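Trainee: I would like to learn how to read the features of a model such as this one. Please take them one at a time, with the general idea ahead of the case.

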Amino acid sequence: MNERDKFLYPKNHYRGDFTPENLVFNSNLQEFAQKVNYICGLETNGKITSEEAYYRIKSLWKQLKSSKKNLNIGDGDSEDNNGNSQP
């Protein structure tokens, strides 16, 4: 990976309990964060509307949630539909 790619697509080492599923989800989470950062930059600079940024991030969030569910990461029943923790 060249210096430009390292700058544009930073990757951090995984520090959690190692399982292949956790490693894949960590990678998906880093990609989500990077894309949200780009979307926020586009919106801040007036390249896209706030509404478009919201829908793009919402779509990315749904993809991340689906990834988590498909990888069987965590307890899917611990959050309600609004993302709030349930006792």
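Trainee: How many aromatic pairs does the count come to?

Mentor: A pair of aromatic rings is described by the distance of the centres and the angle of the planes. Rings of Phe, Tyr and Trp (its six-membered ring) pair if their centres lie within 6.5 Å; planes under 30 degrees apart are stacked, over 60 edge-to-face, and the rest tilted. By this rule there are two aromatic pairs. One of them joins Tyr-54 and Tyr-55, which are edge-to-face, with 5.1 Å from centre to centre and 80 degrees between the planes.

Trainee: Before we go on, what kind of model is this?

Mentor: This is a predicted model, in which local features need pLDDT of at least 70 and side-chain atom pairs count only at pLDDT 80 or more, while totals for chains, interfaces and linings use all residues. Residues are numbered from 1 along each chain as its sequence is written, and side-chain values use heavy atoms, with hydrogens and water left out.

Trainee: Are Tyr-54 and Tyr-55 buried, partly exposed or exposed?

Mentor: Buried means under 20% relative accessible area, exposed over 50%, and partly exposed in between (1.4 Å probe, protein chains only). Tyr-54 has a relative accessible area of 48%, so Tyr-54 is partly exposed. Tyr-55, with 47%, is partly exposed too. For the chain of 87 residues, 15% count as buried.

Trainee: Which elements does the chain have?

Mentor: Helices (H or I, at least four residues) and strands (E, at least two) are DSSP runs, numbered from the N terminus. The chain has three helices and zero strands, and the order from the N terminus on is α-α-α.

Trainee: At what angle do helix 2 and helix 3 pack?

Mentor: Axes are lines fitted to C-alpha atoms, for helices over the stretch in contact, and angles run from 0 to 180 degrees between N-to-C directions. The angle between helix 2 and helix 3 is about 180 degrees, and their axes are 10 Å apart. Helix 2 is therefore roughly antiparallel to helix 3. The cut-offs are under 35 degrees for roughly parallel, over 145 for roughly antiparallel, 65 to 115 for roughly perpendicular, and oblique for the rest.

Trainee: Which residues of helix 2 and helix 3 meet?

Mentor: Contact means heavy atoms within 4.5 Å. On the helix 2 side the residues include Phe-25, Leu-29, Phe-32, Val-36 and Ile-39. On the helix 3 side they include Ala-53, Ile-57, Leu-60, Trp-61 and Leu-64. The residues of this contact divide into 12 nonpolar, three polar and four charged. Here Ala, Val, Leu, Ile, Met, Phe, Trp, Tyr, Cys and Pro count as nonpolar, Asp, Glu, Lys and Arg as charged, and the others, Gly among them, as polar.

Trainee: How many salt bridges does a search of the whole structure find?

Mentor: A salt bridge is a side-chain nitrogen of Lys or Arg within 4 Å of a carboxyl oxygen of Asp or Glu. The search finds two. In one, Lys-35 meets Glu-31 at 3.0 Å, N to O. Both residues lie in helix 2 (residues 20-44), four residues apart, about one turn of the helix. Lys-35 is partly exposed at 34%, as is Glu-31 at 38%.

Trainee: Where do Glu-52 and Arg-56 lie?

Mentor: Glu-52 and Arg-56 are both in helix 3 (residues 50-70), four residues apart, about one turn of the helix. They form a salt bridge in which the closest N and O atoms are 2.6 Å apart. Glu-52 has a relative accessible area of 34% and is partly exposed; Arg-56 is also partly exposed, at 34%.

Trainee: Is Ile-73 buried or exposed?

Mentor: Ile-73 is buried, with a relative accessible area of 15%. Ile-73 is placed in the segment after helix 3. Leaving aside neighbours within four places in sequence, Ile-73 is in contact with Glu-21, Asn-22, Phe-25 and Lys-68. Ile-73 and Phe-25 are 48 residues apart in sequence, with 8.0 Å between their C-alpha atoms.

Trainee: What is the phi of Asn-72?

Mentor: Asn-72 has a positive phi of about 55 degrees although it is not a glycine. Asn-72 lies in the segment after helix 3 and counts as exposed, at 68% relative accessibility.
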